[in-house]
Amino acid sequence: MSEFKYQHNVSNEEWARAERYHNSFLIPQDKILDAVRANCVKNDLPDIAVSDAEGKHLNLLAQAIGAKRILEVGTLGGYSAILMARALPDDGELVSFEVDDKHVKVSRENIETAGLSAKIKVVHGPAVETISQLGPDASFDMAFIDADKENNSTYFTQAKRLVRKGGVIIVDNVNRYGRISDPSFTDEATEGVRDLLKLIQQDPEIEATTISTVGVRGFDGFTWALRK
Ligand code: SAH
Ligand code: DHB
Ligand code: MG
């Protein structure tokens, strides 16, 4: 007998099929996002943007909390930034940090295509340095951390400074195909996720949970933290 009551060995293909099935009802075709994705492919960006389902989750969360200011670490081609910024009111703002020259260029093109250049500011440079200059404290409603996982704890500490009480911080890629909970993996990115979990555990001003995910992006997850 397995220890798991619900055990069923599901393949990546079945996870992806399930996600596509749900998306077919819940996530309409979107010509602007198609153009954004095509421009990312044309420029050889890595295929590591959030899934359509996770992107929509970020958009709905921003709408649900009435976010006016959003912070992002890791812009890539601007896909998650565009989805979150679409939830902002006219006077809202999203600030996204990106180190890679090409990613900055492509994301700005995509943000223009999406008609969001007035709302999204892409800050070029290593985020550990650039985010420390952002202010004022507690002026953001939401943060999405999705860059170099080695620096997750630094980004989280900065996001906590910048997000108001009652605001939300989401950290992407916290399972990484199961590596995080597998002690045989000791690479810096994996340790970066583990360090973040220890940091949150010790912080009485943060309450958090990890939602593990499967789908077109394989087995991963995001940690969802409330700033108390
Ligand atoms: N959030 C994006 C995906 C981000 S991929 C989306 O879902 O659409 C991770 C990004 O973090 C990459 O573009 C990478 O260049 C960037 N990155 C990596 N190290 C960084 C650093 N030190 N500072 C800023 N950005 C960094
Ligand atoms: C990788 C990074 C990400 O942010 C992601 O969502 C998926 C994969 C990576 O570096 O492999
Ligand atoms: Mg990610």
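**Metal site, salt bridges and surface of the predicted model**

Lys 105 and Glu 109 sit four residues apart in helix α5 (residues 101-113), so about one helical turn separates them. An α-helix has 3.6 residues a turn, so residues three or four places apart point the same way. In this predicted model, the two side chains form a salt bridge, with 3.0 Å between the closest N and O atoms of Lys 105 and Glu 109. Lys 105 is partly exposed, as its relative accessible area is 42%, and Glu 109 is also partly exposed, at 33%.

The search of the whole structure finds 17 salt bridges. One of the pairs links distant parts of the chain: Arg 37 belongs to helix α2 (residues 31-42) and Asp 52 to helix α3 (residues 52-64), 15 residues apart. The closest N and O atoms of Arg 37 and Asp 52 are 3.1 Å apart. Arg 37 counts as partly exposed because its relative accessibility is 32%, and Asp 52 is likewise partly exposed, with a relative accessible area of 29%.

A salt bridge is also formed between Asp 141 and Arg 164, where the closest N and O atoms are 2.7 Å apart. This pair, too, links distant parts of the chain, with Asp 141 in strand β4 and Arg 164 in strand β5, 23 residues apart. The two partners fall into separate accessibility classes: Asp 141 is buried, with a relative accessible area of 11%, whereas Arg 164 is partly exposed at 25%. Elsewhere, salt bridges that share partners join Lys 160, Asp 203, Glu 205 and Arg 227 into one network.

Lys 160 is also one of the buried residues of α7. Helix α7 is mostly covered, with eight of its 11 residues buried. Besides Lys 160, the buried residues of α7 are Asn 152, Ser 153, Tyr 155, Phe 156, Gln 158, Ala 159 and Leu 162.

Attention now turns to the metal site. The magnesium ion (ligand 3) is coordinated by Asp 146 (OD), Asp 172 (OD) and Asn 173 (OD1), at 2.0 to 2.2 Å. Along the sequence, these donor residues follow the spacing D-x25-D-N. Asp 146 lies in the loop between β4 (140-145) and α7 (152-162), while Asp 172 is in strand β5 (residues 163-172), so the pair ties together parts that are 26 residues apart in sequence. Asp 146 and Asp 172 are both buried. Asn 173, placed in the loop between β5 and α8, counts as buried as well, because its relative accessibility is 16%.

The backbone has a few features worth a look. Most residues other than glycine have a negative phi, and most peptide bonds are trans. Leu 76 is found in the loop between β1 (69-73) and α4 and is buried, with a relative accessible area of 13%. The peptide bond from Gly 135 to Pro 136 is cis, with omega near -10°. Pro 136 lies in the loop between α6 (127-132) and β4.

In helix α4 (residues 79-85), Met 84 is buried, with a relative accessible area of 0%. The C-alpha atoms of Met 84 and Leu 94 are 8.0 Å apart in space, and the two residues are 10 residues apart in sequence.

Two patches can be described on the surface. A negative patch is formed by Asp 148, Glu 150, Asp 187 and Glu 188. Among these residues, Glu 188 is found in helix α8 (residues 188-201), and Glu 188 counts as exposed because its relative accessibility is 60%. A nonpolar patch is made up of Tyr 21, Phe 25 and Leu 26, which together have about 380 Å² of accessible area. Leu 26 belongs to helix α1 (residues 12-26) and counts as exposed, at 53% relative accessibility.

Terms used
Residues are numbered from 1 along each chain as its sequence is written. Chains are lettered from A and ligands numbered from 1 in the order in which they are written. This is a predicted model: local features need pLDDT of at least 70, side-chain atom pairs count only at pLDDT 80 or more; totals for chains, interfaces and linings use all residues. Side-chain values use heavy atoms; hydrogens and water are left out. Patches are made of residues with over 30% relative accessible area and no salt bridge: like charges are joined within 9 Å, nonpolar side chains (Val, Leu, Ile, Met, Phe, Trp, Tyr) within 5 Å. Accessible areas come from the Shrake-Rupley method with a 1.4 Å probe; for residues, only the protein chains shown count as cover. A salt bridge is a side-chain nitrogen of Lys or Arg within 4 Å of a carboxyl oxygen of Asp or Glu. Lys and Arg count as positive and Asp and Glu as negative; His and the chain ends are not counted. The place of a charge is taken as NZ of Lys, CZ of Arg, CG of Asp or CD of Glu. Buried means under 20% relative accessible area, exposed over 50%, partly exposed in between (1.4 Å probe, protein chains only). Donors are N, O and S atoms within 2.8 Å of the metal (3.2 Å for Na, K and Ca); water is not among the atoms, so sites may look incomplete.
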